[in-house]
Amino acid sequence: MTDADNDRQHQLLGLFDSPFVRRVAVTMNHYGIPFKHVSLSVFRHMDAMRPLNPLFKVPMLTLPNGETLYESAYQLDYLEELAADRGLSPLIPRSGPERRQVQQVMALAIIAAEKSVAMQYERNRPLELQSPDWSRRLRSQMRQAFSMLEERMEGSERTTGNFLFRDRLTQADITTVAGIGFVRYIQPDEWPTGEYPALESLAARLEASEAFRKVPLDE
Ligand SMILES: N[C@@H](CCC(=O)N[C@@H](CS)C(=O)NCC(=O)O)C(=O)O
């Protein structure tokens, strides 16, 4: 591949330990869309990040035409369009009640991820400024969201489903497993091992897939 070809690739900015960056990366792998990963931290590499992304918000996806997209939901929206153009089966149903249902389970996964990221920010503050009440609230919101996902996954398993929507892999599975990966990697003490067995087995299956293995949390 020449330098010019490389310049025309998609480029994804942000560390894979971010559940938002990782869900976009896994989705690109799933659809077979090559991308260059720019592995910079919004906190530790601010000087290198500034000229690329002065908002210091990741993921940021740069398209081959140079356009930049912020917010993982809009990036996934774009990837769904690309997948449709290529005749690939969608991870988010294109219309109707199925679309809403998948999106609402994705919403649970996003709430779980957002709350765990917020807990991490709280932990990064000086000890004397941290609020135990606030952390407790975030923890209980995160666990509530995971419990609701667990309930859904148990229901699916009862009908021998391997995914949140029976036998169909959707973006709800990818986002959920990216969130679980984040908690277990960054805040292992916050993952209540054994409390969400159906989610744990979903995570084990997906983490073993090529799309996930290609985006290790520590890269
Ligand atoms: N809603 C955003 C959330 C992204 C997000 O919170 N990213 C974190 C990293 S996990 C970040 O950029 N943090 C730096 C900051 O918010 O200043 C998305 O889905 O893209």
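How many salt bridges does the structure hold? I counted 9 salt bridges, taking each as a side-chain nitrogen of Lys or Arg within 4 Å of a carboxyl oxygen of Asp or Glu.

Ground rules first. I am working on a predicted model, where local features need pLDDT of at least 70, side-chain atom pairs count only at pLDDT 80 or more, and totals for chains, interfaces and linings use all residues. Residues are numbered from 1 along each chain as its sequence is written, and side-chain values use heavy atoms, with hydrogens and water left out.

Entry: I looked up Glu 98 and Arg 168, whose side chains form a salt bridge at 3.7 Å, N to O. The pair links distant parts of the chain, 70 residues apart. Glu 98 is in helix α5 (residues 96-124), and Arg 168 is in the loop between α6 (132-158) and α7 (171-186). Helices (H or I, at least four residues) and strands (E, at least two) are DSSP runs, numbered from the N terminus.

**Entry: polar contacts.** I took pairs of N or O atoms within 3.5 Å. A polar side-chain atom of Ser 72 is 2.6 Å from a ligand oxygen. For Lys 57, a side-chain N or O atom lies 2.7 Å from an oxygen of the ligand. Tyr 121 places a polar side-chain atom 2.9 Å from a ligand nitrogen. The protein buries 80% of the 500 Å² that the ligand exposes when taken alone (Shrake-Rupley method, 1.4 Å probe).

**Entry: backbone in the shell.** Most residues other than glycine have a negative phi, and most peptide bonds are trans. The peptide bond from Val 58 to Pro 59 is cis, with omega near 5°. Pro 59 lies in the loop between α3 (46-49) and β3 (60-62). Glu 71 is not a glycine, yet has a positive phi of about 75°. I found Glu 71 in the loop between β4 (68-70) and α4 (72-85).

Note on methods
A polar contact is a pair of N or O atoms within 3.5 Å; within protein, one must be able to donate a hydrogen and the other to accept it, and residues adjacent in sequence count only if both atoms are side-chain atoms.
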